Amino acid sequence: MNNPLKHTFIIGMMGSGKTKTAHLLSKKLDIPYIDTDHDLVSILNLNMEEVFDHFSEKKFRVLESVYFIEHLKNKQHIYATGGGIILNKENRVAMKQCGKTILLTASTSTLFERLSNDKTNIRPLFKKNKNKKFLEDVWHDRKKHYRECADFIVETDKKNENEIANEIAGLLQ
C-alpha cells in the first residue's frame, strides 16, 4: 500500500471512529495521518463550536474543501475526514482519483451512544440536535455520497478501534 500517489481516506458519520482509527492505521502502516477537522480548527485557532459560530456550516465546508484538495498534492497520508466532506462533489471526485476510501458505518444507537459519551470532541451539529432522529436524517441525506466514495465499507458496531484498524489494514494489502 505504500504507493506515494495513493492516499487512504476514512469517511463516515460523526462518531463512527474516523480519528482514532486513522491514528492507529497510521502506526500500523507507517504512513502519516491527517485529521482534517483538527487541522482546520488549528489553522483557524478556534474550536469546532467556535468555527460553526463564526462561519456558517456552508462557509466551513468551503474552507474544508480548499484545505483538503490542496493537501492532496502532498505526500501519501491517511485522512480522517470530517463527516461532511462528501457533501462537496470535488472532494468525492478527488477521493476516487487519489486513493482508497473506507466508509466506517455504525448503527444510529451506537453513534448516539458514542457521541453522547464523548466529552472531549464537541460536534456542533449534534449538540444542537442531540437525538437519534437527527443522526438518522443526516445518514439518510449523506448515505448516497458515502457509498459512492467507498471502496470498502467497515461496520464498526461492537468493534474497538484496534480491530477496525486491523480490518482496514487487511483490506488495503
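Leaving aside its neighbours within four places in sequence, which residues is histidine 145 in contact with? They are Ile86 and Arg92, where contact means heavy atoms within 4.5 Å.

## Before we start

This is a predicted model, in which local features need pLDDT of at least 70 and side-chain atom pairs count only at pLDDT 80 or more, while totals for chains, interfaces and linings use all residues. Residues are numbered from 1 along each chain as its sequence is written, and side-chain values use heavy atoms, with hydrogens and water left out.

The labels H and E come up a lot below. Helices (H or I, at least four residues) and strands (E, at least two) are DSSP runs, numbered from the N terminus.

## Back to histidine 145

Histidine 145 lies in helix H8, which covers residues 132-149. Its relative accessible area is 18%, so histidine 145 is buried. The scale behind that word goes like this: buried is under 20% relative accessible area, exposed is over 50%, and partly exposed is in between (1.4 Å probe, protein chains only).

## The sheet

Now for the strands. Five of them form an open sheet in the order E2-E3-E1-E4-E5, with parallel pairing. Two strands count as paired if DSSP finds at least two bridges between them. At the edges sit E2 (33-35) and E5 (152-155), each pairing on one side only. Neighbouring strands of this sheet are turned by 20° against each other on average, direction ignored. Angles here run from 0 to 180 degrees between N-to-C directions, and axes are lines fitted to C-alpha atoms, for helices over the stretch in contact.

E2 and E3 run parallel and are joined by 3 bridges, with isoleucine 34 partnered by tyrosine 79 in E3. Next, E3 (residues 78-80) pairs with E1 over 3 bridges, again in the parallel sense, and here isoleucine 78 in E3 stands opposite threonine 8. E1 and E4 (residues 99-105) are parallel too, with 6 bridges. Phenylalanine 9 has threonine 101 of E4 as its bridge partner, and glycine 12 has leucine 104 of E4.

## Two covered strands

E1 (residues 7-12) is mostly covered, with 6 of its 6 residues buried. In a regular strand the side chains alternate between the two faces of the sheet. In E1, His7, Phe9 and Ile11 point one way, Thr8, Ile10 and Gly12 point the other way, and all are buried. E4 is mostly covered as well: 6 of its 7 residues are buried.

## Helices lying on the sheet

Which strands does helix H9 lie across? H9 lies across E1, E4 and E5, running at about 160° to E5. Helix H2 (residues 36-44) lies across E2 and E3, and runs at about 65° to E2.

## H1 meets H9

Helix H1 (residues 18-29) and helix H9 (residues 161-172) have axes that come within 9 Å and cross at roughly 55°. That makes H1 oblique to H9; angles under 35 degrees count as roughly parallel, over 145 as roughly antiparallel, 65 to 115 as roughly perpendicular and the rest as oblique.

On the H1 side, the contact involves Lys20, Thr21, Leu24, Leu25, Lys28 and Leu29. H9 brings Glu161, Asn162, Ile164, Ala165, Asn166, Ile168, Ala169 and Leu172. Sorted by type, the residues of this contact are 8 nonpolar, 3 polar and 3 charged. In this sorting, Ala, Val, Leu, Ile, Met, Phe, Trp, Tyr, Cys and Pro are nonpolar, Asp, Glu, Lys and Arg are charged, and the others, Gly among them, are polar.

## Threonine 19

H1 also holds threonine 19. At 37% relative accessibility, threonine 19 counts as partly exposed. Not counting residues up to four places away in sequence, threonine 19 touches Tyr33, Asp35 and Ala80. Threonine 19 and aspartate 37 are 18 residues apart in sequence, and 9.4 Å apart in space, C-alpha to C-alpha.

## H6 meets H8

The axes of helix H6 (residues 108-117) and H8 come within 9 Å and cross at roughly 120°, which makes H6 oblique to H8. This crossing is right-handed. Thr108, Ser109, Leu111, Phe112 and Leu115 of H6 meet Lys132, Leu135 and Glu136 of H8, a set that divides into 4 nonpolar, 2 polar and 2 charged residues.

Methods: A crossing is left-handed if the near helix is turned anticlockwise from the far one by less than a right angle, and right-handed if clockwise.
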